[in-house]
Amino acid sequence: MPKAIDHLAALTGYRDRDLLDVTLAHALTDLLRPRGVAVWKLVGEGEQARWLLRARLEAG
């Protein structure tokens with residue numbers, strides 16, 4: 001649990017959205033050990049909506 005709290009503290013200290021997205025991906029990778037992590041953001045509305053890849057990390 002202390003590891004999760006350390007990651008949470010790091011995330012709350014950032015104001016830069018790009019850095020926050022990458023740090024979130026790193027935190028999830030460190031805590032869950034998945035094969036890969038991706039952070040996506042939905043931009044636009046209605047028919048103009050699309051998904052924007054913000055960060056991706058893969059094992060290895």
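Residues are numbered from 1 along each chain as its sequence is written, and side-chain values use heavy atoms, with hydrogens and water left out. Because this is a predicted model, local features need pLDDT of at least 70 and side-chain atom pairs count only at pLDDT 80 or more, while totals for chains, interfaces and linings use all residues.

**Exercise 1. Determine which residues Arg54 pairs with in salt bridges, and where the partners lie.**

Step 1. Side chains of opposite charge can pair when their charged atoms come close. A salt bridge is defined here as a side-chain nitrogen of Lys or Arg within 4 Å of a carboxyl oxygen of Asp or Glu, and the structure holds five of them.

Step 2. One of Arg54's partners is Asp18, with the closest N and O atoms 2.6 Å apart. Since Asp18 lies in helix H2 and Arg54 in strand S2 (residues 50–58), this pair ties together parts that are 36 residues apart in sequence; helices (H or I, at least four residues) and strands (E, at least two) are DSSP runs, numbered from the N terminus.

Step 3. Arg54 also meets Asp21 in a salt bridge, at 2.6 Å from N to O. This second pair again links distant parts of the chain, Arg54 being in strand S2 and Asp21 in helix H2, 33 residues apart.

Step 4. Taken together with Arg17, the residues Asp18, Asp21 and Arg54 are linked in a network of salt bridges.

**Exercise 2. Classify Asp18, Asp21 and Arg54 as buried, partly exposed or exposed, and describe the surroundings of Asp21.**

Step 1. The classes rest on relative accessible area: buried means under 20%, exposed over 50%, and partly exposed in between (1.4 Å probe, protein chains only).

Step 2. Asp18 has 47% relative accessibility and therefore counts as partly exposed, and Arg54, with a relative accessible area of 24%, is partly exposed. Asp21, by contrast, is buried because its value is 3%.

Step 3. Leaving aside neighbours within four places in sequence, Asp21 is in contact (heavy atoms within 4.5 Å) with Val39, Arg54 and Ala55.

Step 4. Ala55 can also be related to Leu19 of helix H2: the C-alpha atoms of Leu19 and Ala55, 36 residues apart along the chain, are separated by 9.4 Å. Leu19 is partly exposed, with a relative accessible area of 37%.

**Exercise 3. Identify the residues that form a nonpolar patch on the surface.**

Step 1. Patches are made of residues with over 30% relative accessible area and no salt bridge, like charges being joined within 9 Å and nonpolar side chains (Val, Leu, Ile, Met, Phe, Trp, Tyr) within 5 Å.

Step 2. Leu24, Leu28, Leu31 and Leu32 form such a nonpolar patch, with about 320 Å² of accessible area together, as given by the Shrake-Rupley method with a 1.4 Å probe, where for residues only the protein chains shown count as cover.

Step 3. Leu24 has its place in helix H2 (residues 17–32) and, at 31% relative accessibility, counts as partly exposed.
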